[in-house]
Amino acid sequence: MNFEKVVFAFFIVFAATLNFGFFIGDIDRPEHHNIYELFAAIVVNMIATVLKFGDRTQIGAVHLSTSLVADIQLIIAAVAWTMAVHVTGTGLTPEAMSSIVSLSGGALLANIISVIMLIVETVMMRR
Amino acid sequence: MNSVFFVVLRRMRAPLILLIVFYAIAILGLTLIPGVNADGTRAAPMSFFHAFYFISYTATTIGFGEIPTAFSDAQRLWVTVCIYMTVIGWSYSILTLLALLQDKAFQHTLTASRFERRVRRIRTPFYLVCGCGETGSLVCRALDVLGYDFVILEKDPQRVEELDLEDFKTNDPALAADARVSANLLMAGLRHGQCRGVLALTNDEETNLAIAINARLLNPDIPVLARARSPTVSASMASFGTHHIINAYERFAEYLALAVSAPERYRLIEILTGLPGTELPAVHRPPHGRWLICGYGQFGQSVARYLTLPGMHLTVIDPSGIDPEELDTVRGNGTEIEVLHAAGIAGAQGIVAGTPDDISNLSIAMMAKKLNPDIYIVARQVQAASDLLFETFRADFSMVQTRVVAQECILRLTTPLLTRFLASLRDADEDWCRTLAGRLEDTCAGRVPDLWDVAITPAAAPAVMESLADGETVTIGTLLRDNADREVRLPAIVLMVERQGHAHLLPDDDFRLQAGDAILVGGRRDVRAICKLTLRNDNALHYLQTGEDKRRGWVAQRLFPRRDGQAPAG
C-alpha cells in the first residue's frame, strides 16, 4: 500500500463528498446550505489541486484540470455569497442562494469526474 | 519549459498545502470566536469574508490593524497564534522556492530546457559539434568565420562556461552534457530538419564511436564525421557506415609522404585545405634519404608506413624495444646523444620527433639540430598549450593534431566538391600543380583562399537559370567579373565544373554553363557575395552579359521609360 496514494484518494473523495453535502437540499433555501461546509469544500478542493501538481502523465493532467474547474466554481460561489451578504446588502435571497448552490453544483460535477477517473485508474491497475 | 514548470510545482506541493491548511485554520477560528461591541457586550463573530480579508493582510505581514471593529481579547489571543502560524507557512514556501533555485539539478533542468528551446527555434542550417576541446573550438571558430551555425555538446561544464567568452559572431547554443547519451543528442537537434552534419570530436574514442552509432541509427540521412586514433575504432566506425573517419595521424603521415614524393602537389593541397582566411603556411620541402623516426606509437607507425617510399631509408628509435621487421630499430628515447649517433644522425636527412609528449619532442628536435644542423625536423605537437614553444623553436614541419583534424572537418563539411577535386589531383603532374598553386597564391595575396560551391539550380542561381532558359549563354568568364564594373576581373578561380558526374578541371573563361552544373570556386571571401548577386539578380547578370545597365525596378521602368539608344554603357 502506498501512503501517498491513500492521501491522494482521500482528498479527492473528501472534496467530492463535502461538495455534495453543501449542494444537497432545496436550491433556494439558505437553511439547507451550511457556509462552513462550503468553506471546508473550498479548502479540501485546493489541497486536492496542489496534490495533483507535478504529475506529467495524461491522466494526471486531466485530474489537475478538473480540480482547477472545481476550485474556480467554488470560489465564485463564495464570492457570490460575499456579494449577497456584504456588498449589495440584499442578504441571502432565494435568487442569490440558488445561484450560489448551482455554482457549487457545477463544481460537484467536476469532482465527480475526478472520482470516476480515480476509480478508472484503480481498475486499470488491477487488470 | 514544461519540465521546469513541473519540477517547480512538484517541489512546491508541501509548502503550498501547509499554507492552505494554516489559512483555513486561521480563518475558521476567526469565524467562531465572538467579537466585542464598543460598549463591551458580546458581538457576533467575524464573517468568512472579513476573516479572509484580515488573515490575508496579517499573514503577509502588511498589518492594517483590527478591522472592521476593535477585537475582543479572545480574538486577539487567536490572532496571535495565527500570526506565528501563517508567517511560518510563508517563510517555508519562500525558502523552498529559493532552495529550488539554488539546486544544481534544477539549474541543470533550467539550462537544458532553455538549450532545447533554442535548438528547436534554429531556422538556418547548423552543425552539431560534440566535444569542444582544442579541436572542437578550432572547428567552431572556422565554421563561425565561414558563416555556419553550430550547436555544441561538451562534457566539461567549465569548458562550456568558457565558450560564453569566445567571440563568436553568432550566439550558438552550448550545453554541458554527455554526448554518448541519445537523449542529449536528440535534444541538441540530431533530428532537427536543419541539422547538416554531426562532428564527433571528443578526446575519447569510445565516445566518438558512440556518437557515430547514435547518429547513424537515429538520423541516417546526415553525414557524420568522427575522429579516431586507433585502427580498431576506425574499423568499427567504418562498419557502421560513418561517412568520414578522421585519423589525424594517418592524414598527416599521408601529407608528409606526399610532401616528400610530390612537393608541388602537396603545396597545392595545403593551399586548398588550409583554414580559410589564415596566412598561407611556409613551403615544405622535406628531403629524400635517410630518416629517423623517434617514437613508434600509433603516430610513428603511420608515418613509417607512409614514408616507406623508394629512396627512403627509415630508422626507428623507441624506448619500448619494439622491433618492426623491415625497419632498423634503436632502443632509446631519442634525447640521448649515443642513441642518436647509433641511429646514424650524422648521415640522416630528416628526423620525426613523434612521441606523445611535447617536451620530449622538443628536446629530441633540439638535440638533433645540435648534432646535425642541416637535418630536416618534423615535430609533433600534441597540445595547443605548447604553441608558444613550438613557434619559437620553428621546426621545419610541425604536426599539430588539433589543426589537422579541424582542417579535415571543415574541408569535408563545407565544400563537398573539393573532395572530388582533390581526388582528381592524384594524377596531376607537378608542373600543373605548381602553376595552379602560384595562381591561387597571387589571387588571394598570401592567404588561404575561401572555397565554395555554386550550383546552377533554380534555388541557388535563379537569374542564371532564367538566362539559360531564354537561350542566352552564360560562361565562367561572366560569373568571374565584377557586377559593379564589368571590366574588372574578380580575384577568384574556378577550379572545377562537375557536369553529370564528369569533372572538368580548371575550365577556361569561355566554358559555357548548363543547368545542373556544380562549380567549385576558390578566391577571396568578398568575391563570394558579389558572385551570389550575379547568380540571383537578373539585372546584374544582364549587365555582365551585355554591358547594358538595367539597374532599375519594374515601377521605374514603367514611369520613366528611357528613350531608345540612351541606355548608358557600364
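1. Helix 3 and helix 4 of chain B. In this predicted model, helix 3 (residues 48-59) and helix 4 (residues 73-102) of chain B cross at roughly 55°, and their axes come within 9 Å. That angle makes helix 3 of chain B oblique to helix 4 of chain B. The crossing of these two helices is right-handed. On the side of helix 3 of chain B, the contact uses B:Ile55, B:Thr58 and B:Ala59. Helix 4 of chain B answers with B:Val79, B:Cys82, B:Ile83, B:Thr86 and B:Trp90. By class, the contact of helix 3 with helix 4 of chain B holds six nonpolar and two polar residues, and no charged ones.

2. Helix 2 and helix 3 of chain A. Helix 2 (residues 35-51) and helix 3 (residues 58-87) of chain A pack at about 155°. Their axes are 9 Å apart. Angles over 145 degrees count as roughly antiparallel, so helix 2 of chain A is roughly antiparallel to helix 3 of chain A. The crossing of helix 2 and helix 3 of chain A is left-handed. Helix 2 of chain A contributes A:Leu38, A:Ala41, A:Ile42, A:Asn45, A:Met46, A:Ala48 and A:Thr49 to the contact. Helix 3 of chain A contributes residues including A:Leu64, A:Ser67, A:Leu68, A:Asp71 and A:Leu74. The contact of helix 2 with helix 3 of chain A counts 12 nonpolar, three polar and one charged residues.

3. Chain A against chain B. The contact between the chains involves 13 residues of chain A and 12 residues of chain B. On the chain A side, the elements giving two or more residues are helix 2 and helix 3. Helix 2 of chain A gives the most, with seven residues. The side of chain A that touches chain B divides into nine nonpolar, three polar and one charged residues.

4. The parallel sheet of chain B. Six strands of chain B form an open sheet in the order 5-4-3-6-7-8, with parallel pairing. Its edge strands are strand 5 (174-176) and strand 8 (244-246) of chain B, each pairing on one side only. Neighbouring strands of this sheet are turned by 15° against each other on average, direction ignored. Strand 7 (residues 224-227) and strand 8 of chain B pair in the parallel sense over three bridges. In strand 8 of chain B, B:Ile245 is the bridge partner of B:Ala226.

5. The antiparallel sheet of chain B. A four-stranded open sheet of chain B runs in the order 15-18-16-17, with antiparallel pairing. Strand 15 (450-455) and strand 17 (502-505) of chain B are the edge strands, and each pairs on one side only. The twist averages 20° from one strand to the next. Strand 16 (residues 492-499) and strand 18 (residues 518-523) of chain B pair in the antiparallel sense over six bridges. B:Val494 has B:Val521, in strand 18 of chain B, as its bridge partner. Helix 18 (residues 416-424) of chain B packs on the sheet and touches strand 15, strand 16, strand 17 and strand 18 of chain B. The direction of helix 18 of chain B makes about 90° with that of strand 16 of chain B.

6. Confidence in chain A. The average pLDDT of chain A is 91, and 98% of the residues score at least 70. Confidence in chain A is highest in helix 2, at 94. It is lowest in helix 4 (residues 94-126) of chain A, at a mean of 92.

Conventions. Residues numbered from 1 in each chain as written. Chains lettered and ligands numbered in written order. Predicted model: local features only at pLDDT ≥ 70, side-chain atom pairs only at ≥ 80, totals over all residues. Axes fitted to C-alpha atoms, helices over the stretch in contact; angles between N-to-C directions. Parallel < 35°, antiparallel > 145°, perpendicular 65-115°, else oblique. Left-handed = near helix turned anticlockwise from the far one by under 90°. Contact = placed C-beta atoms within 7 Å. Nonpolar A, V, L, I, M, F, W, Y, C, P; charged D, E, K, R; others polar. Pairing = 2+ DSSP bridges. pLDDT = per-residue confidence, 0-100.
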